[in-house]
Amino acid sequence: MATKTKFEVKLGAATREAFGRELVELGRANQDIVVCDADLSKSTMTVYFQKEFPDRFISCGIAEADMVAIGAGLAYAGKIPFVSSFSAFLMNKGFEQLRVGVAYPHLNLKAVGTHSGISIGEDGPSQMSVEETALACSLPGFVVIAPADEISCRALVREAAHHVGPVFIRTGRPKCPIVYAAGQTFEIGKAVQVAEGSDVTVIANGLLVAQALLAADILDAEGVSVRVLDMHTVKPLDRDAIRKAAAETGAIVVAEEHLVDGGLGVRVAQAAAETIPVPMEFVGIQDTYAESGETDELLEKYGLVAKDVAAAIRKVVARKR
Amino acid sequence: MPKSIEELQEIARRMRREIVVMIGEAKNGHPGGSLSAVEIVVELFFDYMKIDPHNPKWADRDRFILSKGHAAPVLYCAMAEAGYSDTPLDRLNTLRKLGSVYQGHPDVRFIPSLEASTGSLGEGVSLALGMGIAARLNHSPSRTYVLLGDGEVQEGQIWEGAMAGAFHKMDNVVAIVDYNRIQLDGFVKDIMEIAPLADKWRAFGWHTIEIDGHDLVAIREALAEAQATKGKPTAIVAHTIKGKGVSFMENNPKFHGTAPSPAEVQLALQELR
């Protein structure tokens, strides 16, 4: 067996930055792309689109409910609206409009939340979105995506634009480690195996993919072979990859920067229960609100770094035996 | 060929009968707010709006959103009378029944010719703005009309939309308030006062017109004035009578959300001859 290449943390752009850049490319290719923002364009990075296509940028002010429903109106009329704000405001204040305005008539609208999770940092819990995956997944027909790095984010934003139907994309504020080489392809609903392994599988998304890769290296030194899947699409879930992981590795850890209630973990557990039940452990935010602090401090304090994933792996492997 | 006032009045009379019968058959529904909006909807669908029921997705058509979605019967009857293929006249009495295209609130999954699914109050102005912005981007003459309930304007989103409509100078959007003064729990003034309503729209930067919402000529003139108004959207505050046309339903909060009994249907039909 070849020596495993260790994962090295090299910071790339934030996923929100990748979203903003890709949006400009999409705008150049398709006149029907329209962007709505609620006074956060310099943070959601839709400002790049605004600069190049001022006519197709709709300033909605601090009024997320109105913004989402304006987007719905645009979609009814055949446009491809991207509506964007911090995840916390987009999904909570705009939820009713996403439900009756967008999901129910199954409109071709793309909702992109930025500053997701606790990694937003100093602004604190009122701005931290730790429940939006649960909310988004509760909308019938919605595709829900949480990219791991700038490469996958740009590709998945592109895929979302080409997908006909409602999509929610979860992006983050901080620069994040690069997981993928340029040119990697992505498909909605298809997990990417980012590390091969046979003893246990870590299924992660967002910032936790890089942490899972670091954890896999820690466990490799301990003689445990860890498979890592980037489950960038939370809905529809790649049930084949989960079944295969359960069958071939016999234990699963799910890791996400989201409340453990209602996130990727419970969805993977459901899929495993319906196919091949195996011991599982969950890395995520417990039943609490976080606090102000630097990104790295917060991820450490709330149990979302490599050592936490490693601990969960040891635990699940022990249960397996 | 434009219809005469007499022809429009005849359509309104037929629609009132259909509304009463279909809600009576359904045994539940919202007759009062359907009957108050009949003339507004008739004037739009049979006189003013540029629509083609045989080509419902015509790109430059005018659009109508029933933001007060609980008044679905008035919209269903108008579309059925207008001849849309997905709103059959002979199926109106299946309102609210399992599998019927005539769902409790308008649902584009069942009637693709509808412009929007509605039912959660407060969303219509924003939807209309989105459609209006799309029309502007497409250099289309399409105009969008949204009908609001008076109780509905208690929703905060209405005023988010009002602010945005004026800011974006949406002169291809018209909001019409069916000001019948009654909501589910009682009289609007007792539940949450909305007066002075016209002043509110004016303060938000809309060209505002107050009319008798049962006067077809007044409605037409207001719609024309709205179309002639450039640089700002128009709000038409249409003073109406809840339950209009059926004496025992008029101004009676009970008939906001209660179906008439079979005997009441017969009484109503005698009045609506």
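Me: How much of helix α8 of chain A is covered, and how is that judged?
Reply: A residue is buried if 20 or more other C-beta atoms lie within 10 Å of its own, exposed if 12 or fewer, and partly exposed in between, with C-beta atoms placed from the backbone. By that count α8(A) is mostly covered, with eleven of its 13 residues buried. Among them are A:I151, A:C153 and A:L156. This is a predicted model: local features need pLDDT of at least 70, side-chain atom pairs count only at pLDDT 80 or more, and totals for chains, interfaces and linings use all residues. Residues are numbered from 1 along each chain as its sequence is written, while chains are lettered from A and ligands numbered from 1 in the order written.

Me: Where do the two domains of chain A lie?
Reply: Domain bounds come from an automatic or database domain assignment. Here domain 1 covers 13–177 and domain 2 covers 192–320. Their C-alpha centres are 25 Å apart.

Me: How many residues of the two domains are in contact?
Reply: Contact requires C-beta atoms, placed from the backbone, within 7 Å. In chain A, 27 residues of domain 1 contact 29 of domain 2. On the domain 1 side, the elements giving two or more residues are α7 (132–137), β6 (143–145), α8 and β8 (175–177).

Me: Is A:Q193 buried or partly exposed?
Reply: A:Q193 is partly exposed, because 14 other C-beta atoms lie within 10 Å. It touches A:R227 and A:L229, leaving aside residues up to four places away in sequence. A:Q193 sits in strand β9 (residues 192–195) of chain A. Helices (H or I, at least four residues) and strands (E, at least two) are DSSP runs, numbered from the N terminus.
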